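Colleague: I'm new to this one. Could you walk me through how to read it?

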Amino acid sequence: RATRAFADTPKSGGSITAAGWSSSTADTLDPAKASLSTDYVRCCAFYNRLTFLDEGGTVQMELAESIETTDAKTWKVTLRPGVVFHDGKKLTTDDVIFSLARHKDESVGSKVNAMAKQMAEFKKVDDRVMEIELSAPNADLPIILALHHFMILADGTKDFTTANGTGAFKCDVFEPGVRSVGVKNENYWKDKLPYLDSFEFIAISDEPARVNALLSGDIALAATVNPRSIRRLETIDGVQLSKTTSGNYTDLNVRLDMDPGDKAGFVEGMKYLINREVIQRSVMRDLAVIANDQPVSPNDRYHNKELKAREYDPEKAKSLFQKAGLFGTSIPIVASEAAGSSIDMATVVQQAGQEIGMPFDVQRVPSDGYWSNYWLKAPVHFGNINPRPTPDILFSLLYASDAPWNESHYKSEKFDKMLVEARGSLDEAKRKSIYDEMQVMIANEAGTIIPVWISNVDALSSKLKGLRPNPLGGMMGYAFAEHVWLAS
Amino acid sequence: MNAVIARLVLKRLGIMLLSLLIVAFAVFFATELLPGDVAQILLGQAATPEAVAGLRTAMHLDEPAFLRFLHWLFGLMSGDLGRSYANDREVADLISGRLANSLELAFVTTLFSVPIALTLGITSAMFRGSFYDRMVSVFTVTVISIPEFMVATLAVIIFAVYLRWLPALSVASEVHGIGELLRIYAMPVITLAFVVSAQMIRMTRAAVIDTLNTAYVEMALLKGASRRRIVLRHALPNALGPIVNAMALSLSYLLGGVIIVETIFNYPGVAKLMVDAVSTRDLPLIQSCAMIFCVSYLLLILIADVVAIMANPRLRNQ
Amino acid sequence: MTSTARRSPRFGFAVNAVGVIGASIILFWILVAVFAPWISPYPVGKIVDFDYYGPISSDFWLGTDYLGRDMFSRILMGARYTVGISLASVTIACFVGVTLGMIAAVVGGWFDAVLSRFLDALNSIPALMFGLVVVAAVGSSLTVLILTIATLYAPGSYRFARALAVNVNAMDFVTVARARGEGIIYTIREEILPNIVGPVLADFGLRFVFIVLLLSGLSFLGLGVQPPDADWGALVRENIGGLSFGAPAVVFPSIAIASLTISVNMLIDNLPRRIRDRSE
Amino acid sequence: MGNVIEIRDLHVTAKTDSGRVVEIIRGVDLDVADGEIVALIGESGSGKTTIALTLLGYARPGCSIVGGSVTVDGEDTVAISEAERRSLRGTRVAYVPQSAAAAFNPSKTIMDQVVEVAQIHDLMPMDAARKKAVELFRALALPEPETIGARYPHQVSGGQLQRLSAAMALIGDPKVMVFDEPTTALDVTTQIEVLRAFKAVMRERGMAGIYVSHDLAVVAQIADRIVVLKGGEVQEVGATEAIVHRPSHSYTKALIGAFHPRARVPDPEAAADGPQPILKVSGVTAGYGGTGRDKMPKYVVLKNLDLTLERGRSLGVIGESGSGKSTLARVIAGLLPAAKGSIEMDGVRLGQATRDRSKEDLRKLQIVFQLADTALNPNKPVGAILARPLVFYHAMAGRERDAEVDRLLDMVRLPRGLKHRLPSELSGGQKQRVNFARALAARPELILCDEITSALDTVVAAAVLDLLDELQRELGLTYMFISHDLSTVEAICDRVAVMYQGEKVEEMPTSRMKSGPEHPYSKLLIASVPKLDTGWLDGLRDDPLMAAAMEGR
Ligand SMILES: Nc1ncnc2c1ncn2[C@@H]1O[C@H](COP(=O)(O)OP(=O)(O)OP(=O)(O)O)[C@@H](O)[C@H]1O
Ligand SMILES: Nc1ncnc2c1ncn2[C@@H]1O[C@H](COP(=O)(O)OP(=O)(O)OP(=O)(O)O)[C@@H](O)[C@H]1O
Ligand SMILES: [Mg+2]
Ligand SMILES: [Mg+2]
């Protein structure tokens with residue numbers, strides 16, 4: 001059903017309304033601050049990046065014509081000629097340098113501040129050519145530049161009440177927390193694109209309401225529908241589903257530096273107690289792939305296929321808890337709506353515990369403030385990690401000893417060394433073997449329990465064509481607006 | 001008579017200012033109690049200590065909170081609501097459109113639910129103890145015991161998805177003509193009317209029954225007046241005070257309490273704005289929203305009091 | 001009607017059939033709440049069926065929920081929370097509101113003015129915001145939940161009771177008590193309360209309904225009943241996706257809510273009256 | 001001359017709360033001829049109002065007419081349809097209620113309500129109706145007839161309102177007027193005006209009427225014939241003259257007997273050791289509406305009042321409505337702190353407010369209110385009401401307290417079984433006795449009685465007065481007895497104080513009341529008391545004092 005759409009030839013014209021799942025007054029047109037899917041959708045429509053990842057997860061050039069290096073440390077970027085901003089200004093390397101350098105400025109509040117810091121220096125060669133000097137070698141720079149935050153702005157942009165980019169749409173209306181409207185950029189540098197004359201983007205946070213709005217024809221696309229709605233949607237004509245198996249996951253984190261995670265055996269016991277199959281079937285309704293407690297997804301070419309997921313084994317868990325001296329002690333697990341499906345996962349664990357006589361106390365806490373108050377802080381809690389394009393980003397963000405989001409406070413010198421080594425290496429085979437071993441280390445040593453990879457399902461009107469799944473996330477990696485068209 | 005009302009209104013406005021100040025302080029301290037601040041919330045998962053500190057300095061958040069509150073308060077006195085922390089826009093700009101939307105919705109709901117509540121309340125009082133009366137009372141309790149989100153979802157499924165009569169979303173941005181306006185407001189209004197009328201119906205009924213038991217109603221009957229006349233001309237004007245008071249309390253819900261309706265119908269009103277503001281710890285926005293709710297609540301109560309006084313010549317001519 | 005009327009003199013009460021039905025339903029739910037753990041066929045958190053929104057069957061009398069858990073067991077256990085929390089918080093709210101209202105009416109003057117202003121201001125802060133602050137400030141537990149709801153509803157109860165008490169306070173028998181030198185506690189408890197208890201109870205019923213519904217909203221702020229348990233409102237909410245095809249998982253908790261709220265109001269509207277026959 | 005009203009074998013039942021049906025009118029027959037005024041008298045609860053209302057085809061909620069016929073101007077109000085009854089009401093038979101204050105809708109102007117009958121039945125254009133109303137106002141001797149209609153009910157006095165309610169009834173030119181105790185709630189001076197106005201209008205238009213009252217003296221002035229009711233049955237019917245002078249039925253005799261109370265015999269013992277003041281009120285000024293900067297209330301009611309009460313004696317306080325009698329009692333009881341002046345009991349100065357007084361002071365001085373209905377908590381059984389002062393002042397408990405409650409009930413001549421009843425289950429007289437017993441429970445030395453018999457009918461009131469008298473002898477009580485009914489004051493008081501506009505204008509021994517009041521207001525007040533004499537009202541015209549006073553209004 002979902003694949004039939006591709007056969008048609010694209011057609012220009014028409015307008016659609018699409019709905020994401022969340023928006024608030026914190027909505028922004030500043031790519032550095034973008035934090036929600038709605039922000040990404042807007043950014044993708046109004047701006048361009050130097051590179052982007054295609055459906056297969058490989059790097060493609062967008063505003064850059066080429067990005068080259070010999071040592072993974074110094075990178076030469078050549079820009080595509082003849083690109084203009086919405087206000088008519090020509091794209092030059094000044095714009096690119098401004099756009100990248102601002103992430104390093106703390107007062108900007110960039111989400112990728114930590115990542116941007118490795119770009120030690122920018123050198124303008126001429127209007128089309130520039131150099132980026134990294135503080136240490138990193139072979140993944142072109143992929144890093146494909147992150148949504150590294151959208152290219154016009155030099156000196158300070159005002160974000162509207163967007164002046166090079167993207168397929170011009171910003172017509174932007175009301176934070178309400179809606180935004182983009183109209184077709186007639187001078188768009190990509191041939192024939194976009195097909196739509198305009199598109200409106202809103203957010204409906206209530207999932208049944210989002211689905212109903214699609215069914216009633218008020219919107220053409222409803223992002224991220226609940227697995228439970230799929231059975232109903234499949235029976236309805238005029239609706240198609242787009243499934244993306246991405247690297248998104250909700251994980252149960254046991255801090256290794258605190259009670260009870262510091263008792264040997266507890267974490268491993270938890271890994272055996274979590275019933276991945278039930279989570280996959282009942283909680284995720286089969287829209288998930290069983291995972292093996294490490295963050296590199298099966299889509300990634302560095303995924304270690306040899307590493308199998310642990311089987312559900314309550315008896316083994318019981319003996320491990322006994323070994324840790326914790327059997328029978330009530331353990332609090334913090335869960336929240338903020339980390340998708342975590343409450344349901346927690347009850348699955350709780351139920352399994354109850355069956356072997358191990359009590360867990362599920363504490364549901366508000367989504368408001370969850371990330372600042374509970375995540376990374378509570379001894380046993382849930383987290384939710386969005387897909388990242390490379391193992392390097394994942395590992396340095398989540399597992400390196402100095403990682404800002406080291407969810408289980410995992411510390412290993414060996415791991416840190418391997419990370420730097422792989423990062424600087426341009427030798428594919430060597431990197432693969434290092435990453436394989438690192439995945440094994442995480443699965444066995446870290447306190448992060450990753451039960452399943454969560455698939456994203458978007459529902460859309462069958463009139464809407466051209467939407468293809470993308471590993472960076474739903475809605476075609478948030479860039480659907482410039483690629484879709486309306487069938488007559 | 002006007003002098004009495006004017007004096008009352010003035011006095012109430014004075015008290016209102018005082019209440020507003022209390023609420024402003026209370027809300028300020030409440031916000032302070034909430035863990036996390038706007039810098040941390042804006043950075044979300046990416047909030048490393050350095051990043052937070054940097055952003056905080058940039059946003060002048062390292063000034064003492066109380067000082068910022070005073071800034072905001074003095075700004076308010078000169079008519080400046082300040083700038084939102086979360087997106088650096090004028091709070092007045094953020095609020096004005098949404099407040100208009102909320103008021104519109106509240107107005108249409110009032111227009112719709114008040115006559116219904118009055119009619120049901122009055123008629124059930126007229127036929128007190130009858131089967132009809134019992135039905136109305138069971139109906140009101142049933143209606144309020146169905147969760148609001150269920151009423152809304154059910155309405156959408158029936159009227160938008162199956163029948164396709166009405167749109168599932170109430171986006172009030174582009175409205176052409178009265179017909180479309182009705183279509184757009186129909187479902188949120190039905191949902192809200194369900195919620196607010198029950199209390200009004202019950203209070204109207206009680207108040208009318210109270211007055212129907214009086215000697216002057218009996219006297220009207222003995223003058224040969226019809227049931228209709230008795231209820232409308234004699235009982236109702238005297239029951240107006242308590243009825244209007246109950247209505248004011250019910251209607252005050254229509255601004256701050258309609259978060260579910262705003263969410264489900266994607267209606268851009270102030271309730272959701274306030275929730276957003278709280279979850280981003282956007283102090284100027286929180287304060288402004290709180291002021292709006294407080295003002296509207298106090299205004300409604302004031303209107304109720306004025307109506308009660310107008311309806312009662314004894315108070316009116318004091 | 002006649003049979004109950006004939007019986008009534010013996011009891012000294014007029015028992016009304018509608019009231020009896022209301023009382024029986026409430027009693028039923030209270031019994032369910034008490035004995036739920038022993039009568040529910042499955043553990044509340046256990047996923048018993050790989051299907052979801054399952055239909056009524058001999059294994060699952062009220063179908064299954066969105067995760068495939070047994071609805072019958074969940075509703076039985078939910079009764080504990082819905083009945084318990086709602087009754088507790090509405091009782092506290094009305095107790096505090098009515099007591100303060102009566103004191104304000106009797107004492108009057110500054111006390112009344114300040115208290116009324118303060119509670120008005122409290123009333124104008126949206127419930128949601130209040131809930132957020134409470135969880136953030138003191139965390140979440142059943143006690144906190146009950147107290148939060150009570151705080152949210154006490155001002156309304158206060159306004160209502162105060163208005164009634166002001167009228168009673170003007171009556172001669174209260175003046176007599178005052179002339180006798182009675183204290184405030186006696187005056188409000190013995191002279192005022194019995195004379196406003198009727199309308200106060202009606203108000204209690206309405207507030208009860210609102211609280212049953214508010215519960216589900218607050219549980220989504222993280223306030224209150226912790227998973228896998230859920231109150232009825234939360235059961236409706238978490239299964240709302242099944243509404244479009246009338247899944248038992250959403251229908252039955254709604255029926256449970258309606259049965260409880262309607263019967264509470266039925267009982268209150270038809271409370272037994274003490275009967276004495278003047279002509280006897 | 002035919003009969004405008006013919007009631008035949010009327011039966012009315014009422015349903016009690018428990019669903020039991022009781023018969024409240026048991027086979028009443030009644031005729032009223034054209035232009036005749038017939039009075040219905042009888043004790044409270046005898047069914048007077050019920051019968052009067054059947055003339056309009058109306059039975060109060062809970063009551064129903066179960067048998068017989070009520071023919072008014074040729075139509076049987078029992079048999080006709082509701083719509084026909086509606087068209088009858090106001091046009092052919094009109095009703096003047098007992099309490100006009102309650103019968104006027106507080107939120108509409110008087111004119112609107114007066115012309116409403118014309119509007120409902122579409123009798124005439126509104127302009128004509130208004131003109132006619134003004135004429136009626138004039139005929140009823142109302143002040144400012146042109147503009148009084150624009151006022152609201154609370155803006156006119158009780159007596160005026162009562163006359164206005166007659167105008168409301170007269171506007172439809174009814175054949176029959178039904179008056180339900182139209183003057184009971186008024187004080188004597190006002191009562192005279194109202195009675196005169198009614199009589200003049202009725203006579204002028206030749207209307208027939210039913211006049212309900214329990215006051216024989218009033219009825220004697222206005223009725224041609226009297227029907228005596230008791231327990232829903234007719235006891236005696238006769239011409240006014242005959243009933244007043246030659247009553248045959250025992251109940252009628254009792255009624256008349258109660259009207260002539262025996263005069264007060266001063267207690268020789270009390271007089272023996274000379275007057276001993278128990279309470280001394282000096283220079284008291286008090287009022288309502290908060291105090292201003294000068295510590296004076298906004299509305300001053302009592303002005304610089306002096307008063308002395310002697311131990312074991314009774315002082316009567318009389319005066320027109322609004323003269324400040326109740327206010328005086330409230331000030332003495334400490335319920336309304338005086339702005340100026342002092343109150344001494346047994347030579348010791350009392351605190352101005354109750355909370356400044358000791359429990360002992362509060363106990364010694366008790367107050368009993370006029371309306372037993374509102375003075376007794378409707379939700380407490382009699383036993384509990386009486387027990388409270390015992391617990392509060394004397395810390396009694398258990399059997400001792402129960403025994404004392406029984407003793408109190410005996411003292412006020414109430415059966416002991418009554419202690420389990422609620423006040424609403426008592427008759428008016430019984431309630432007033434309980435009200436009084438509660439004051440006795442404190443074992444007071446001084447009791448302030450604020451119009452405690454005014455709401456009772458004469459027979460019951462006489463019994464209550466006897467009781468008071470007896471208790472005073474037994475217990476050596478001192479009374480301050482407020483009333484606007486001079487005969488009760490005469491029956492129980494040793495001295496009388498006359499109040500007028502917040503001042504004490506005169507004080508004299510009761511014996512001098514009839515013979516020589518000095519102040520003109522006292523004279524007027526005392527002369528206004530109706531006499532049980534059919535010609536009294538008409539005779540007043542010749543009294544120069546009354547004539548002058550009437551002019552002044
Ligand atoms: N709705 C009712 N239900 C039960 N009993 C009633 C009802 N209305 C009146 N009664 C009884 O009917 C009897 C007659 O009442 P009615 O009002 O006619 O007396 P009345 O002679 O006018 O007395 P009063 O002098 O107090 O006005 C009383 O005993 C009263 O208690
Ligand atoms: N609470 C009050 N507030 C303001 N004015 C009052 C209040 N109570 C009484 N008054 C006024 O005080 C005056 C005296 O009232 P008071 O009750 O003492 O009269 P009274 O002599 O007892 O009359 P009645 O014979 O009608 O009982 C009246 O003009 C009355 O309107
Ligand atoms: Mg009567
Ligand atoms: Mg008085």
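Modeller: Happy to. A salt bridge here is a side-chain nitrogen of Lys or Arg within 4 Å of a carboxyl oxygen of Asp or Glu. By that rule, three salt bridges cross the interface of chain B and chain D. Keep in mind that this is a predicted model, where local features need pLDDT of at least 70, side-chain atom pairs count only at pLDDT 80 or more, and totals for chains, interfaces and linings use all residues. Residues are numbered from 1 along each chain as its sequence is written, chains are lettered from A and ligands numbered from 1 in the order in which they are written, and side-chain values use heavy atoms, with hydrogens and water left out.

Colleague: Which residue forms a salt bridge with D:Glu116?

Modeller: That's B:Arg229, with the closest N and O atoms 2.8 Å apart.

Colleague: And how many residue pairs are in polar contact between chain B and chain D?

Modeller: A polar contact is a pair of N or O atoms within 3.5 Å; within protein, one must be able to donate a hydrogen and the other to accept it, and residues adjacent in sequence count only if both atoms are side-chain atoms. Between chain B and chain D there are 12 such residue pairs, both residues at pLDDT 80 or more. As for secondary structure, helices (H or I, at least four residues) and strands (E, at least two) are DSSP runs, numbered from the N terminus. On the side of chain B that touches chain D, helix 9 (215–222), helix 10 (227–251) and helix 15 (313–316) of chain B each give two or more residues. Helix 9 gives the most, with six residues.

Colleague: What about the area buried between chain B and chain D?

Modeller: The size of an interface is often given as the accessible area lost when the parts come together. Buried area is that loss, taken with a 1.4 Å probe and summed over both parts. For chain B and chain D the value is about 2,200 Å², with 56% of it from carbon and sulfur atoms. On chain B's side, B:Met219, B:Leu222 and B:Lys223 supply 31% of the area buried against chain D, more than any other three residues.

Colleague: How many residues does the contact take from chain A and from chain B?

Modeller: Contact means heavy atoms within 4.5 Å. The count is 42 residues from chain A and 44 from chain B, and the area buried between these chains is about 3,300 Å². The salt bridge count here is zero, while nine residue pairs are in polar contact, both at pLDDT 80 or more. Strand 10 (198–203), helix 5 (207–215) and helix 11 (370–373) of chain A each supply at least two residues of the side that touches chain B. Helix 5 has the largest share, five residues.

Colleague: Now ligand 1: which residues are the closest to it?

Modeller: A residue belongs to the surroundings if one of its heavy atoms lies within 4 Å. For ligand 1 there are 15 of them, and the closest are D:Ser44, D:Gly45, D:Lys48, D:Thr49 and D:Thr50.

Colleague: Where are the polar backbone atoms around ligand 1?

Modeller: An oxygen atom of ligand 1 is 3.0 Å from a polar backbone atom of D:Gly47, and D:Ser46 has a polar backbone atom 3.3 Å from a ligand oxygen. A backbone N or O atom of D:Pro61 lies 2.9 Å from a nitrogen atom of the ligand. Strand 1 (3–15) and helix 1 (48–54) of chain D are the elements giving two or more residues to the shell. The largest share, three residues, comes from helix 1 of chain D.

Terms used: Buried area is the accessible area (1.4 Å probe) that two parts lose on being put together, summed over both.
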